[in-house]
Amino acid sequence: MLFQSFEFAIFFPIVFGLYWTIFKNNIVHQNAFLVISSFIFYGWWDWRFLGLMIVTAGIDFWVANQITATESKQKRKSLLILSLITNLGTLGFFKYFNFFIENFIGIVRLFGIAPRIETLNIILPVGISFYTLQALSYTIDVYNRKIPSCKNVFTYFGYISFFPQLVAGPIERAGHLLPQFSKQRYFNRAIATEGMRRILLGLFMKVVVADGCGRIADQIYAHPENFTGYELIAGIILFAIQVYADFAGYSEIAIGTASLLGFKLMRNFAFPFFSTDIAMLWRRWHISLTSWFRDYFFVLFDKGKTTRVRFAFNVSLIYLLSGCWHGATWNYVAWGLLNAMFVAIHILNSSPQQQIKRASNWRMIPTFLMFACSLSITRYTELGDSIRYYASIFSMPRTYQDPILLQPDALLSLFMICILFALEWNSRFKHYGLAIITEWKSPWLRICFYVIISMIILHSSGHQKPFFYFKF
Amino acid sequence: MQQKITYRAKYIFATLKGDHSNKMKGFLLRCTMIVLIFLIARAVLECITPYHHGNLEIQTKTNILTKNKLKPDLLITGSSKILRGVKSELFDSIRNAGKRDYFQSFNMGSAGALIGENKYLIRNYLNESFTDSCKTIFVEWVNSYDPNPAQQYTERATYWMGLSEYLEYMEMEARMSFLSIPERMKFMWLYTQMFLINISGVSRFKEQLVKWNDRPTESWFDKGGYMAYQGHAPYLPAEKVENPLAYFDTSFINGQKVRAIELHEKKFEFVNKADIRQWNEMINTFHEKGIHIILLIMPLGLDDRVASLIPHIQEGHLIDLSDPRLFPDLYDKEIYFDKIHFNDEGARRFTRQLAQEWLKSSKRCKY
């Protein structure tokens, strides 16, 4: 079920009510209830994939306990490899099987051979890319003795299947989220209020800004040959804002929902479009993913002091991998490569002191444009279509159309984008976009603001799109 | 008792301000109060906004199509003349006669719908996923309108998007860049009104039931979108006249009030060549998608202006049933229940004629 759906509006209050009333005094029961609720939430998408998640999580639970129980280095390593194979194998099969098969067939055909291999009709389970990394974080941390293994099955399953962040992150770390399942949770009004604000912000970002930008961007990307170069550039910008508002909006809702249940999730976006260089942008964009790759992948290559070139190369690998994680098409690989190149150039071009010296607000615009142009590659499934889109910027449109940006829908979306960025700019030194409201002295002003934003969300909720990052 | 009430009020006020400590009760109370304020604000806006727009008929019909997963291959759009004048089942039985497959049509007619609104309807309707099967769309050629608001039959707003459509029409007719400064300011003011109306959350409009214009409920359209009156004619029966254009007499609607906003909305200009160009473009665009648009001129639907524009419509995309010399049966007074709408017998007669013309046209043009 979607966060902005009617079903969730019924589901969550029930969960919230029961969680803080019937189950509040016993943490085991509370965790069990959360697990059941999370299973219902995930099973609502497709009950078949619930079984997959339970099996892989069950294997990891057993593996981690076995790793803790044994002192043999060889055995520990074997168990870790088992966990890696299970998780990455599942992810690889569901996500990348067809990609590899298609490319393999393509390569083999170049030699004149026609292999009799067919792609399969595989449905990608929702959230598999997210909970797989979360599960791996647990087993790797247990292997590295950073955290003890979890003995209680409800605690562990709660960690894996926690519904606010199950399907689209933030990708939590075992060391951060798992202890919260082991501790007694108390209702805190200030945190709950902040949670509600974040949910409101998330809904505004998703329902109003992201969907609004998406409606215009879809028109432009559907027929780029019918639009002028300026409109195509606007399409690139709108698509980038759509992806950001969609994903960051989901993260805000996830964090807010978790707050209402007494959990603290990690921050996933830190106003990335206010970054003055591409590396900073990536430090603020999908923080949970990039930090995961840094902590679990980067360390495999970076063993300490190294040359700047080598460092730049190692960092680039993270972005390449990040691109591949997002999708099993050459578009995503190209996106990862492009960003890897940008970051490598940035690292090689300047030292940290120079970066600080050069940082100024005007650099936000070229940084944003660079990122948006690279992100645009992922809008299509075929790389050729993306290249054609860029080429269309420099050619005349085939048919004359009314300026799309002057249509009432577009003007309204632009206005909402301005509201969002104004809120974020004023809250840029805080944790989330609506934090600035806490500084408003008049509570009535705050209430009026909540009411107006809610009305705008309600008005815009007629034409909903699914969350963009669900496809990962 | 008074002390108790005062105490409660102070407690609620303090809760709204956020003066209580970490208590679930205070939090829930605060959330409830905010939701209540939201609902009250919505209700107030609904009362004070001057205009309700949104066509319940169209919404109902599209909901029926979605819920029942109907996949008509032919849509018939138009005003109340289509709404009352076309019997989908009869139409389908004639056009499917002798064929192996049975294709289904759907009557999307809506009272008061003008041609610009139908264009908007088609563009938006066809963006929905359930229109994969649609191959043909009839669009009633609602002819030139006298910009006199008294011409209108009802006090309701009967538009697909109402004010929004008017704004779109303004854009259609004269691009934003061609508007003069006062016209642009008027445009922005109307647009602001639309925005305020929209955020009030108004999803339905208050219907002023005109005596003969009883709106059908959802169940009326279960069988393909046709509604027929059985001759309930509170007005005098239509007079058979030599010149059918005399039907454009508006005297029977004297006494009806029209709200100020409708004065704006109904001041459409006459259909003109620019509009025809846009229709031709739309015909081409939809042709590429495999959908054939046909403009349909109803009885009583022709005047000099429309007649002069007919040659500009692309060949093969027009069915003209307005000529009383060719279709005298469609001008008998007995088949009308008021001056322009068919009764049940009239709908049957018209539907048969339409189906025959459609079959002739489709054979000629092979679509």
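Helices and strands are DSSP runs, with at least four residues required for a helix and at least two for a strand. In this predicted model, chain A has 19 helices and zero strands, whereas chain B has 12 helices and five strands.

## The two chains

The table sets out values for each chain.

| Chain | Residues | Buried share | Source |
|---|---|---|---|
| A | 472 residues | 57% buried | chain A |
| B | 367 residues | 51% buried | chain B |

Among the contacts in chain A with a separation of 6 or more, 75% are between residues 24 or more positions apart. The corresponding share in chain B is 77%.

## A kinked helix in chain A

Helix α4 of chain A comprises residues 73-110. A straight helix of 38 residues would span 56 Å at 1.5 Å a residue, but α4(A) spans only 45 Å between its end C-alpha atoms. Where is the kink in this helix centred? The kink in α4(A) is centred on A:Y96 and amounts to about 65°. After α4(A) comes A:G112, which has a positive phi, near 85°.

In soluble globular proteins, nonpolar side chains tend to be buried together. The largest nonpolar core in this model has 150 residues, and A:Y138 and A:Y156 touch the most other members. Helix α10 of chain A, residues 229-260, provides the largest share of this core, with 17 residues.

The surroundings of A:Y156 can be listed in detail. Leaving aside neighbours within four places in sequence, A:Y156 is in contact with A:A57, A:D60, A:F61, A:A135, A:Y138, A:C150 and A:L178. A second, separate core of 23 residues includes B:F91, B:M298, B:L300 and B:I340.

## A covered strand in chain B

Strand β3 of chain B, residues 136-140, is mostly covered, and five of its five residues are buried. In a regular strand the side chains alternate between the two faces of the sheet. In β3(B), B:T136, B:F138 and B:E140 point one way, while B:I137 and B:V139 point the other way.

Which strands pair with β3(B)? One partner is strand β1 of chain B, residues 74-77, which pairs with β3(B) in the parallel sense over four bridges. Within this pairing, B:V139 of β3(B) is the bridge partner of B:T77. Another partner is strand β4 of chain B, residues 292-297, which runs parallel to β3(B) and is joined to it by five bridges. Here B:I137 stands opposite B:I293 in β4(B).

B:F286 lies in helix α10 of chain B, residues 273-288. Is B:F286 buried or exposed? Buried means under 20% relative accessible area, and B:F286 therefore counts as buried because its relative accessibility is 4%. B:F286 and B:T136 are 150 residues apart in sequence, yet their C-alpha atoms are 9.5 Å apart in space. B:T136 is itself one of the buried residues of β3(B).

Definitions and conventions
Residues are numbered from 1 along each chain as its sequence is written. Chains are lettered from A and ligands numbered from 1 in the order in which they are written. This is a predicted model: local features need pLDDT of at least 70, side-chain atom pairs count only at pLDDT 80 or more; totals for chains, interfaces and linings use all residues. Side-chain values use heavy atoms; hydrogens and water are left out. Buried means under 20% relative accessible area, exposed over 50%, partly exposed in between (1.4 Å probe, protein chains only). Contact means heavy atoms within 4.5 Å. Two strands pair if DSSP finds at least two bridges between them. The expected span of a helix is 1.5 Å times one less than its number of residues. The bend at a residue is the angle between axes fitted to the seven residues ending there and the seven starting there. A nonpolar core is a set of buried Ala, Val, Leu, Ile, Met, Phe, Trp, Tyr and Cys residues joined through side-chain atoms within 4.5 Å.
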